[in-house]
Amino acid sequence: MLVFIILWLILTLYVAVLARQRGRHFFGWLVFALLASPLMAGVVLLMKPDLAEKDFVESVTQDMDVTHVKCPHCAEYVRPEASKCKYCQNKLTPQPGLGERRLQERLDEGLEDIKAAQSNTIIIASLVFGAAALVWLCWVLF
């Protein structure tokens with residue numbers, strides 16, 4: 001019985017850590033996994049969308065370094081398409097499409113990293129739950 005309780009607590013903690021990695025609340029998922037079942041909570045968690053990805057996309061689209069360029073005269077951020085700085089009124093060379101290209105490059109790079117982390121997380125989760133099931137099965141049979 002003690003093995004089962006220890007296994008339950010370890011898996012509960014793992015689900016809570018996994019939830020935090022996916023942008024969810026650690027304590028809420030800890031309680032859910034503890035009361036319901038770590039296996040059920042883990043499956044539900046993996047079915048939910050990754051909020052870390054959503055937060056990344058939101059933060060990149062709000063980043064002035066990605067969406068704007070600095071005016072060479074006053075160093076204020078202006079849109080790449082601008083032909084005149086709205087702060088110092090100096091003439092600028094428009095660079096149409098620069099903001100979109102930089103934004104897309106940054107999104108592609110970051111989302112690739114997030115997808116790789118998700119793959120690793122799913123592999124580790126599968127190994128942990130498989131090992132837990134094996135330990136439980138051995139404990140039940142012997």
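Residues are numbered from 1 along each chain as its sequence is written, and side-chain values use heavy atoms, with hydrogens and water left out. Because the model is predicted, local features need pLDDT of at least 70 and side-chain atom pairs count only at pLDDT 80 or more, whereas totals for chains, interfaces and linings use all residues.

Q: What is the confidence of the protein, and where is it lowest and highest?
A: On pLDDT, the predictor's confidence in each residue from 0 to 100, the protein averages 84, and 100% of the residues score at least 70. The mean is lowest in helix 5 (residues 64-67), at 76, and highest in helix 2 (residues 26-35), at 94; helices here are DSSP runs of H or I with at least four residues, numbered from the N terminus.

Q: Why is the pair of W29 and F32 called edge-to-face?
A: Rings of Phe, Tyr and Trp (its six-membered ring) pair if their centres lie within 6.5 Å, and planes under 30 degrees apart count as stacked, over 60 as edge-to-face and the rest as tilted. The centres of W29 and F32 are 5.5 Å apart and their planes stand at 80°, so the pair is edge-to-face; the count by this rule is one aromatic pair.

Q: What makes W29 buried or exposed?
A: Buried means under 20% relative accessible area, exposed over 50% and partly exposed in between (1.4 Å probe, protein chains only), so W29, at 12%, counts as buried. F32, at 30%, is partly exposed.

Q: Which residues does G23 touch?
A: G23, in the loop between helix 1 (2-21) and helix 2, touches D50, L51 and A52, not counting residues up to four places away in sequence, where contact means heavy atoms within 4.5 Å.

Conventions. Helix = DSSP H or I, 4+ residues; strand = E, 2+ residues; numbered from the N terminus.
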